[in-house]
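Reader: I am new to this structure. Please show me how to read it, one feature at a time.

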Number of protein chains: 2
Amino acid sequence: MTTIFELTTPALVIDEAVLDQNIAEMAAALPDGRLRPHVKAHKCTSLARRQAAAGHTAFTCATIRECEGMAAAGLGADLLLANEVLDARRVGVLVEAGARVTVAVDSPQTLRAAVAGGVREVLIDVNVGLPRCGVAPDQAGRLADLARASGLDVRGVMGYEGHVVGLEQAAERAGKCQTAMELLIAAHTDVGGPVISAGGTGTYALNTWANEIQAGSYALMDTAYGRLGLPFGQALFVLATLISTTGQWSVANAGLKCFGMDHGNPSLDGADLWYCSDEHTVFSPPRPLGDVVRLAPAHIDPTMAYHERAYLCRGEEVVDVWPIDLRGW
Amino acid sequence: MTTIFELTTPALVIDEAVLDQNIAEMAAALPDGRLRPHVKAHKCTSLARRQAAAGHTAFTCATIRECEGMAAAGLGADLLLANEVLDARRVGVLVEAGARVTVAVDSPQTLRAAVAGGVREVLIDVNVGLPRCGVAPDQAGRLADLARASGLDVRGVMGYEGHVVGLEQAAERAGKCQTAMELLIAAHTDVGGPVISAGGTGTYALNTWANEIQAGSYALMDTAYGRLGLPFGQALFVLATLISTTGQWSVANAGLKCFGMDHGNPSLDGADLWYCSDEHTVFSPPRPLGDVVRLAPAHIDPTMAYHERAYLCRGEEVVDVWPIDLRGW
């Protein structure tokens, strides 16, 4: 039996009991195809396989590399590339090999790239208020017409309310989610097709307009989503060793190359986090040299992208090693 | 000939002319052993080889993995692990195989770990004002005595003025550098040995007390160091493609998984950066769909750690592919 105390630190560790509870909680709320888990949050086909075992066999991807890895892992039954690409040839290779990959388009150019690359199915990506990708809602029908005239199958619409999912007040989140989804529903009226895809971990229970939800963070969680009062626990930590300590502070051997920092510092129970540098996290009050601590990231997605592997743990026992195999582009 | 326009984006690109100019500028200021380049800033043995060709054959590392990769690349003539470890066995393997690796120690426990792991040479790491690792200056001599009594060769001291290197005002940087280095020199009086190792890109020209400088960022640079008026240019960019655009903003396909974000957003000449999400950077004013842009990171070290490889470029021509081969732990 390997224990966490034998791991080379820093190391990503997943609390299997919390992970399984998170997956079960979500599968109960959004069974089967009502959830299209977003793999960008964990970039790990082993974890995706556990989501598939809970009933979710259609997945969302943010990159072509994620689509390729999912297909190679036998999880390519229904992949949505929920992002725009201007070169879809690698997607076409996957489709040709038997994977089902639907691609988001928001312009005539991305639509032409889909056709040229050998993509057969698309969703019309609709801007529902987040200033990022997506066609204006009143242009969605016209783009769908163009897609169909180009020989593509338009499966429906997607519209990500990314400006809403992280709002801490549930009432505000619900209200702004409705505003966003009314735009998406109006666009869908013009576009047609069976799919209305939207949402994230912050709106999975509020977004009753979409018929599939693209949540990803719920499985592992982070401290930003932890503030929203959702029924998901923190399952992912960076394990670190205290390599230096004084009467005022201690230093853990995990730093900026371990944590996505855009949402702020990681957290450690009972500690005041001072700062992170490349390979260090400094906190108080001090603890004994050699102690092993579990730091919780503020943002899960860019945290996973730093690590080659995660260790699946039952308590202090390491029961599996999961490659973070969907990294890169 | 491959050009940057054929690369899959996002992609790390290095402007070879600027890199070579940065390396030449530093080698003129701190020739040969006066610079001990820190590989944590680039994590790339191909780049380290170019630093070695400029005369710097002794290197600084932050992780054991960096030491292992440098030794495997034939660059292990004089490596300093400028960080504390409580398990030095992998360092001992390198030493046994013929690499020279000196390890920083700041406590009896890290000293014992060095002995137990088969390390033969250490530096006494002295706290010079940054609340992180390092023994208190007045305890350095005692730790050196203990090291020598344990059979270790004490090569001298190191003390990183990390609280100083980023200060934007040169006069303040110079004054606080002196304060820090006076602590290090006092400790060195008690410790002895030929090495006084300190400094970084922000203090390479100001720190006249140390006899070797651990600068790393100077080779590729970032926008944080770019504000200090140093004679080094921005050589490292993330190449991205504009995948969506409106009348108000454009979206590049590089985001939080491309950039270390602790120092803030990346920069794009002539643009107002709105925000980054996992795979997107949004900015205004808008530019044409399909345009390729070069985004400059705010912090080089955690940016490099996200990428598998960098493309060395002369203008728009790609002349080499450099693996970022020192990642992980």
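This is a predicted model: local features need pLDDT of at least 70, side-chain atom pairs count only at pLDDT 80 or more; totals for chains, interfaces and linings use all residues.

Reader: How many helices and strands does chain A have?

Author: Helices (H or I, at least four residues) and strands (E, at least two) are DSSP runs, numbered from the N terminus. Chain A has 9 helices and 16 strands.

Reader: What does the radius of gyration say about chain A?

Author: The radius is taken over C-alpha atoms, and the globule rule is 2.2 Å times the number of residues to the power 0.38. For 329 residues, a compact globule would come out near 20 Å; chain A has 21 Å, which agrees. Along the principal axes, the C-alpha atoms of chain A fill a box of roughly 70 × 45 × 35 Å.

Reader: What share of chain A is buried?

Author: A residue is buried if 20 or more other C-beta atoms, placed from the backbone, lie within 10 Å of its own; it is exposed if 12 or fewer do, and partly exposed in between. In chain A, 57% of the 329 residues are buried.

Reader: Into which domains is chain A divided?

Author: Domain bounds come from an automatic or database domain assignment. Domain 1 of chain A covers 2-12 + 232-323, and domain 2 covers 16-219. Their centres, taken over C-alpha atoms, are 31 Å apart.

Reader: How many residues of each domain are in contact?

Author: Two residues are in contact if their C-beta atoms, placed from the backbone, lie within 7 Å. In chain A, 14 residues of domain 1 touch 17 residues of domain 2. On the domain 1 side, helix H9 (300-304), strand E15 (309-314) and strand E16 (317-323) of chain A each supply at least two residues. The largest share, 4 residues, comes from E15(A).

Reader: Which residues of helix H6 of chain A are buried?

Author: First, the general idea. An α-helix has 3.6 residues a turn, so residues three or four places apart point the same way. In H6 (residues 140-149) of chain A, the buried residues are Ala140(A), Leu143(A), Ala144(A) and Ala147(A). They fall within an arc of 100 degrees seen down the axis of H6(A), so they line one face of the helix. The arc is that of the directions from the helix axis to the C-beta atoms. Among the elements they pack against are helix H5 (108-117) and helix H7 (170-191) of chain A.

Reader: Where is Gly69(B) found?

Author: Gly69(B) is in helix H3 (residues 64-72) of chain B. Gly69(B) counts as buried because it has 23 C-beta neighbours inside 10 Å.

Reader: What rotation superposes chain B on chain A?

Author: Copies are superposed by least squares on the C-alpha atoms of residues with pLDDT of at least 70 in both. Here a rotation of 180 degrees, with 0.0 Å of shift along its axis, superposes chain B on chain A (RMSD 0.0 Å). That is the relation of a two-fold axis. The same surface serves both copies: 100% of the contact residues of chain B recur in chain A.

Reader: How many residues does the contact take from each chain?

Author: The contact takes 42 residues from chain B and 42 residues from chain A.

Definitions and conventions
Residues are numbered from 1 along each chain as its sequence is written. Chains are lettered from A and ligands numbered from 1 in the order in which they are written.
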